[in-house]
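Subject: Handing over the structure

Hi there,

I am passing this structure on to you, with the sequence alongside.

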Amino acid sequence: MKKTALVTGASAGIGKATAIYLARHGYTVYGGARRTDNMLDLRSYGITPIALDVTKDESVVACVNQIFAAEGSIDILVNNAGFGLEGAIEDLPMQDARYQLEVNVFGAMRLAQLVLPKMRENRYGKIVNISSVGGKIAFPLGGWYHASKFALEALSDSMRNEVKEFGIDVIVVEPGATRSEWGTVATDILLKVSGHTAYKDLAAKTHSLFTRLAKDVAEPIVIAELVRKGIEAKIPKARYTTSQLASLLLLGLKRILSDRQLDRLIMSQIK
Ligand code: NDP
């Protein structure tokens, strides 16, 4: 039986690559995002684009109901929609911080709430939450982004053991720097928010770190492959992390270094 997947954030980057990759591998795929024009090309892969704003409940409910009406259920949910709110915690308006969590955390969890009843009924389901290496390590000026990804990691851990007995797997995928629109969106916000404040030097250094990272990014297909690996594994791992050396090194060092040593390491990257 063909499985039905909903990939959020399918208008760009990792989400678009994942939607196409899953469609190519035999899944019935729906892609959700706000910019429907950017998803028109998905139709040529047999993917159905749906207008979706994960921060708007009526949009989320309508999207899920449209797929239920056509397919009966959503077997695989890839919670990928997200962005990076960069800027000093002192500088960022609280409403922006709340919006970051609305998109990266509440949007994903609301979708999970809506697809879980049918997954339980079918005794089959995969919920893939696209976190980040930044869901394990927090850099300065990315506080709210990291908070959103740390939260997604914790929620995934809780949910994994809540739904296991119903035949449902919760899988976290942690990309490192990946080619997409993420960097441009994050950098624009960073310079706007903290480019002219007490944090401007740190913002400039962080900007230059992003520019350096952008030269050594993985292709989004790498993450799409990890998603498929997770959903097709008989017993999926709780987490699939990018195999980029820089990410593996950071995560490994996080395990063995003291907080103070890790701080020094992080700040040595921002120079
Ligand atoms: P992109 O900016 O290329 O894509 C982000 C996607 O999220 C777009 O399709 C965008 O669609 C969608 N999106 C944003 N806000 C909403 C919303 N309110 N409702 C619905 N969709 C929304 O970035 P990536 O592909 O890189 O990001 C995908 C995920 O991967 C994110 O969760 C990101 O945090 C994570 N990640 C990315 C890394 C990277 O280096 N690229 C590294 C680690 C994690 P639209 O604007 O059309 O709504």
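This is a predicted model: local features need pLDDT of at least 70, side-chain atom pairs count only at pLDDT 80 or more; totals for chains, interfaces and linings use all residues.

**The protein as a whole**

The chain folds into 9 helices and 7 strands. Its C-alpha trace extends over about 55 × 40 × 30 Å along the principal axes. How does the radius of gyration agree with that of a compact globule? For 271 residues, such a globule would come out near 18 Å, and the protein has 18 Å, so the two agree.

Of the 271 residues, 49% are buried. The accessible surface amounts to about 13,200 Å², and carbon and sulfur atoms account for 55% of that. If you look at contacts between residues at least 6 apart in sequence, you will find that 70% of them join residues at least 24 apart.

**Around the ligand**

The ligand is surrounded by 30 residues, and the closest are Ser-11, Ile-14, Arg-34, Tyr-145 and Ser-180.

- Tyr-145: a polar atom of its side chain lies 2.7 Å from a ligand oxygen atom.
- Asn-80: a backbone N or O atom lies 2.8 Å from an oxygen atom of the ligand.
- Ala-12: here too a backbone N or O atom is involved, 3.5 Å from an oxygen atom of the ligand.

How much of the ligand does the protein cover? On its own, the ligand has 880 Å² of accessible area, and the protein covers 95% of that.

Is Ser-156 buried or exposed? Its relative accessible area is 0%, and because buried means under 20%, Ser-156 counts as buried. Setting aside neighbours within four places in sequence, the residues in contact with Ser-156 are Asn-129, Val-170 and Val-172.

That is my tour. Enjoy exploring the model, and do write back with any questions.

Best wishes

Notes: Residues are numbered from 1 along each chain as its sequence is written. Side-chain values use heavy atoms; hydrogens and water are left out. A residue is near a molecule or strand if one of its heavy atoms lies within 4 Å of it. A polar contact is a pair of N or O atoms within 3.5 Å; within protein, one must be able to donate a hydrogen and the other to accept it, and residues adjacent in sequence count only if both atoms are side-chain atoms. Accessible areas come from the Shrake-Rupley method with a 1.4 Å probe; for residues, only the protein chains shown count as cover. Helices (H or I, at least four residues) and strands (E, at least two) are DSSP runs, numbered from the N terminus. The radius of gyration is taken over C-alpha atoms; the globule rule is 2.2 Å times the number of residues to the power 0.38. Buried means under 20% relative accessible area, exposed over 50%, partly exposed in between (1.4 Å probe, protein chains only). Contact means heavy atoms within 4.5 Å.
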